[in-house]
Amino acid sequence: MVRFVIDEDMPRSTGVALSSEGYEVKDVRDHGYRGLGDEEIYTFAQREKAVLLTGDLGFSNILRFPLGQHFGIVVARFPNEMAPREINREIVTSLRDLGENEFKGNLVILEPGRIRIKRAPL
């Protein structure tokens, strides 16, 4: 089963929604990582052998977070006007379409009704 680390810029309810789908979830806010920099959040996710789920576009920088060198990064890009319930529904629906192999080493960008994957080189 896929593990996720949820960044603090995501709704708290996202972790609950993913847990109810059977995913193992850790929220950085519950583990002393609130307000820390991207490097610390990234390192925490790697230590947990987890996919990082964030709204922070900084994590989509493949020079800073190279493809193939992590357990996966999912950047959720949803309009600020979207209700957390709608965001969670989009995320859960999108993740159902992705197998475990779609995450490892890859950058996944989720947008309303759209999934883009930048894959690690083989």
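Modeller: Two strands pair if DSSP finds at least two bridges between them. Here β3 and strand β4 (residues 73-76) pair in the parallel sense over three bridges, and L52 stands opposite I73 in β4. This is a predicted model, in which local features need pLDDT of at least 70 and side-chain atom pairs count only at pLDDT 80 or more, while totals for chains, interfaces and linings use all residues. Residues are numbered from 1 along each chain as its sequence is written, and side-chain values use heavy atoms, with hydrogens and water left out.

Biologist: Are the residues on the two faces of β3 buried or exposed?

Modeller: Buried means under 20% relative accessible area, exposed over 50%, and partly exposed in between, with a 1.4 Å probe and protein chains only. In β3 (residues 51-54), V51 and L53 on one side and L52 and T54 on the other are all buried.

Biologist: What do the buried residues of α2 pack against?

Modeller: Contact means heavy atoms within 4.5 Å. The buried residues of α2 (residues 38-47), among them I41 and F44, pack against β1, β2 (24-27), β3 and β4. Just after α2, K49 takes a positive phi of about 55°.

Key
Helix = DSSP H or I, 4+ residues; strand = E, 2+ residues; numbered from the N terminus.
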